[in-house]
Amino acid sequence: MTQRLLLIIVLFCFGCKKETPPDEQSQQKIILSFDFRVDGEKLQTDTMIYINEAGNHYLVNEIQFFISDVTLHHTDGSTYLIQEWKDIHYIDSDLPETQTWNVFDNIPAGSYQSISFTFGINEEKNQSLMFLNPPESFMFWPQYLGGGYHYMKLNGKWLDENQQISPFNFHLGIGQIYYSYPDSITGFVQNYFQITLPNSSFTMEKNQTKEILLIMNIENWFRSPNTYDHDKWGGNIMQKQDAMRLACENGQDVFTTVVKK
Amino acid sequence: MSRKITYHSVRASLGIPLIVILLLSSCKKEAPAPSPYQPTPYQIEIPFGFPTNLNIPADNPMTVEGIELGRYLFYDGRISGRTHPDSLMSCGTCHLQANAFECGIDHPTYTGGFPYGITGKPTPHVMLPMINLIWNHTGYLWNGAVLNIEDLVWMGVVAEHEMNSDTNRAKEVIQQIPGYPELFQKAFGSETVTMKNIGRAIAQFIRTFISANSKFDRYLHGEVQLSPSEISGFILFTTEEGADCFHCHGGYGNPLFTTHLFYNNGKDSLFTGPYEDPRDRYHVTGDPMDYGAYKATTLRNIAVTGPYMHDGRFATLDEVIEFYSHHLVWSPYINPLMHHITNGGVQLTPSEKADLKAFIATLHDEEFLTNPAFGPPEKFPDEK
């Protein structure tokens with residue numbers, strides 16, 4: 001009986017010990033943080049101090065957007081997609097807690113050439129009622145217009161051609177093809193797009209936490225390669241695929257990156 | 001050397017502590033009789049598509065007993081701290097179930113839907129409906145100044161434009177009514193009536209007010225079809241080139257039919273000096289962009305919740321639709337989502353207005369308005 005009890009105690013002590021292979025013991029983490037700037041300066045909301053490429057005086061009230069499919073591109077050619085289906089991240093200029101994303105994954109140590117992501121949500125993942133809770137649920141894109149979620153809401157005002165301060169809703173999501181505008185939709189256009197961040201190479205040492213700052217340079221939405229004129233497109237573009245196409249083309253160079261040590 | 005945890009080792013490792021616990025337990029003195037305070041947890045059933053995050057304060061979990069007590073208190077006029085028949089006023093005096101728990105334009109006492117308190121003093125704003133408030137995380141009243149329903153109950157008891165009582169009188173009157181102390185014991189573990197527990201009980205009851213069985217809900221479930229006019233109205237509701245309601249008032253992806261957020265929706269042009277409303281959102285946040293901003297109401301059961309807007313300026317839904325269609329007023333503080341301000345509104349045609357109204361009518365939930373569980377109890381505790 002004594003021997004059996006001893007055996008039980010030994011098994012108890014050793015049996016509960018969790019051992020992991022040495023390679024998995026190191027923890028490498030990424031923190032993605034987000035910032036908003038206009039013409040190189042930190043965004044000042046609700047102040048009509050900005051002028052875009054088309055010469056529109058404008059202010060920004062709020063920005064809300066999704067990024068997804070964040071992928072790390074290793075120098076050996078391999079890629080690492082973080083958090084798979086859970087990687088759709090919401091960023092809101094009014095909600096500081098959304099502006100820092102502590103990525104759950106244990107990132108393999110090594111040298112990475114670049115970071116890329118999807119601006120918005122790809123067709124496969126962009127499913128209605130995927131988000132039930134605010135604030136993400138408030139981003140829903142109406143079923144009639146293609147469903148899923150807004151990629152971005154950028155709300156502001158501009159001084160229009162009549163010198164009237166007018167609101168604009170620079171909203172991006174699934175576009176529509178119309179047989180007769182604004183009724184009779186005959187097809188949808190997936191407007192999400194890939195961005196490879198410039199200057200986003202980094203080396204992840206073992207047990208390191210790497211903070212990477214993603215800066216949205218708001219003026220670039222209106223600058224290149226297309227000069228976006230609020231006077232031409234007006235206050236709303238959810239049903240104007242031509243405007244959304246221009247915006248998405250401009251979105252390629254909207255983000256810059258700062259890799260912190 | 002890796003070492004796996006086997007079923008046998010787990011069983012063995014559990015065996016020792018179990019023996020020890022059994023030995024210790026056998027030496028323990030006989031436990032005292034269980035407390036009679038054993039409230040039954042109340043489970044909220046979340047309807048299809050609704051948020052899963054509920055606003056239930058950690059210090060006021062919902063229980064069957066708390067809700068039962070809250071129902072009595074909600075409808076008991078003696079909560080006003082008085083017993084004379086002319087001085088009785090309960091929450092239910094103004095918050096009529098048939099009108100989605102606001103007084104409504106057809107209230108027998110408050111003509112036109114403009115309530116006033118026991119003193120005759122009118123409320124500063126008209127009422128908001130009590131629908132699906134368990135999903136409201138942005139405060140209560142038109143400006144969100146009151147952060148939880150529990151505090152709202154206190155305000156109702158003491159405000160001059162409501163019951164004009166004081167919390168001591170209210171709790172003392174309730175304490176003396178046979179049956180209530182026992183109900184407080186069951187709900188909160190003490191027969192002593194406190195204002196805090198009065199607020200907690202009524203808040204629990206109000207959090208059960210869930211509307212999710214309108215025609216539109218059944219349409220989403222595939223149980224009914226909308227009429228062509230209702231479908232057209234739904235499309236208008238959810239398109240920017242249409243009536244453009246959805247950014248503030250929800251839709252398929254936001255079945256609450258409100259964001260519970262605050263917007264200056266273009267009713268007025270001036271908000272300072274003599275035009276200043278000390279109860280708009282600005283007076284909560286201090287942000288000038290919130291001048292003239294008020295909570296977007298849910299559109300569920302909107303047909304019975306007139307008059308409309310914070311000041312009740314519109315008596316009918318037709319007037320509201322007309323306002324959004326043609327009569328928006330520009331100001332520097334108008335919310336950016338009101339981009340149709342440039343044209344004075346969304347410019348609906350008469351048939352589009354009819355379609356939009358037809359769609360909004362599909363948000364009527366008769367079950368909510370007649371559910372006996374939300375209505376007055378047949379008898380109060382001292383009548384049993």
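**Exercise 1. Polar links between the chains**

Count the residue pairs in polar contact between chain A and chain B, and the salt bridges between them.

*Solution.* Start with the polar contacts. This predicted model has 15 residue pairs in polar contact between chain A and chain B, with both residues at pLDDT 80 or more. Next, look for salt bridges. A pair needs a side-chain nitrogen of Lys or Arg within 4 Å of a carboxyl oxygen of Asp or Glu. Between chain A and chain B the count is zero.

**Exercise 2. The chain A side**

*Solution.* Take the elements that give two or more residues. The largest share, six residues, comes from α1(A).

**Exercise 3. Extent of the contact**

Give the residues on each side, the buried area, and the chain A residues that lose the most area.

*Solution.* Chain A brings 42 residues to the contact and chain B brings 41. About 3,500 Å² is buried between the two chains. Carbon and sulfur atoms give 65% of that area. In chain A, Leu129(A), Phe138(A) and Phe140(A) lose the most area to chain B; together they make up 17% of what that side buries.

**Exercise 4. Confidence in chain B**

State the average pLDDT of chain B and locate a stretch that stays under 50.

*Solution.* Chain B averages a pLDDT of 91, and 91% of its residues score at least 70. Then check residues 1-28 of chain B: pLDDT stays under 50 there. For this stretch the model has 11 contacts beyond four places in sequence.

How values were computed. Residues numbered from 1 in each chain as written. Chains lettered and ligands numbered in written order. Heavy atoms only, no water. Contact = heavy atoms within 4.5 Å. Buried area = accessible area lost by both parts, 1.4 Å probe. Polar contact = N/O pair within 3.5 Å; in protein donor to acceptor, adjacent residues only side chain to side chain. Helix = DSSP H or I, 4+ residues; strand = E, 2+ residues; numbered from the N terminus. pLDDT = per-residue confidence, 0-100.
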